[in-house]
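Please open the structure in your viewer and keep the selection tool at hand.

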Amino acid sequence: MTLAVPARARRASVPAGLRPRHAVPTDAGQLYAISRPFMLTGELRHRTPRDYRLTAGQFLLLTGTDGTTVDGCAGLRPLPPETGRPAAGVLYNLCVRPGRQGAGLGTALVSAVLAEARRLGLHTVCTATTGSGLLFERHGFTEVAPALAPAAWTATLDPSRGSRTYLHVPR
C-alpha cells in the first residue's frame with residue numbers, strides 16, 4: 001500500500017533540551033496522572049494505573065527541567081503481524097500536561113515515536129484522534145478509512161468515539 005504524503009508534511013525535530021526517555025513501571029503513577037484529565041474529557045480511553053504499569057515499556061516520556069515531572073507521554077505498541085502487510089505499530093495515549101502545551105512537546109513526542117518505530121523495524125504507524133489531526137499530518141500521517149489500517153488495531157476502535165484514523169508510511 002502506498003500513501004501520498006501531504007505537501008505540508010515536514011520532519012519535525014525535537015526542541016533543544018528535550019530528550020525523550022523510555023518509561024519504567026515506577027512511572028505508572030505519573031503516566032496515569034498526566035493522562036487522567038484527557039480520559040475525563042473522552043480524548044483518551046480510560047486506563048488504570050495498573051494498565052500503565054503493565055505497558056510502561058511502550059511509553060516515551062518528556063520530563064520537566066527537574067528531570068522527574070512528566071510533561072508529556074506517548075505510547076508505541078507493535079501490532080501482531082498480518083499477512084501481506086508490513087510490520088506496523090500504533091501510536092497511542094499522546095498527551096502533554098496542561099500548561100506545557102504549545103511548547104513543542106507534542107512534536108517532540110511524535111518525532112521520538114517515529115524514530116522508535118524505525119528502530120523497531122515498524123514500517124507503518126497508525127493512530128486515531130478525536131481532535132485535530134494537524135499534528136499528525138505535519139509528521140507525514142495521512143487520514144485514511146479504517147479499512148486501510150491494520151485490522152488487528154481497527155478491531156479495537158470504538159466507533160462511538162468518532163475518531164479519525166491516520167497512517168504514517170515512510171517514503
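The stops below follow the salt bridges.

This is a predicted model, in which local features need pLDDT of at least 70 and side-chain atom pairs count only at pLDDT 80 or more, while totals for chains, interfaces and linings use all residues. Residues are numbered from 1 along each chain as its sequence is written, and side-chain values use heavy atoms, with hydrogens and water left out.

Side chains of opposite charge can pair when their charged atoms come close. A search of the whole structure finds six salt bridges, each being a side-chain nitrogen of Lys or Arg within 4 Å of a carboxyl oxygen of Asp or Glu.

Select arginine 100 and aspartate 71 to begin with, and you will find a salt bridge whose closest N and O atoms are 3.0 Å apart. This pair links distant parts of the chain, 29 residues apart, since arginine 100 lies in the loop between strand 4 (88–96) and helix 3 (105–119), whereas aspartate 71 belongs to strand 3 (residues 70–78). Helices (H or I, at least four residues) and strands (E, at least two) are DSSP runs, numbered from the N terminus.

Is aspartate 71 buried or exposed? Aspartate 71 is buried, with a relative accessible area of 5%, while arginine 100 is partly exposed at 30%; buried means under 20% relative accessible area, exposed over 50%, and partly exposed in between (1.4 Å probe, protein chains only).
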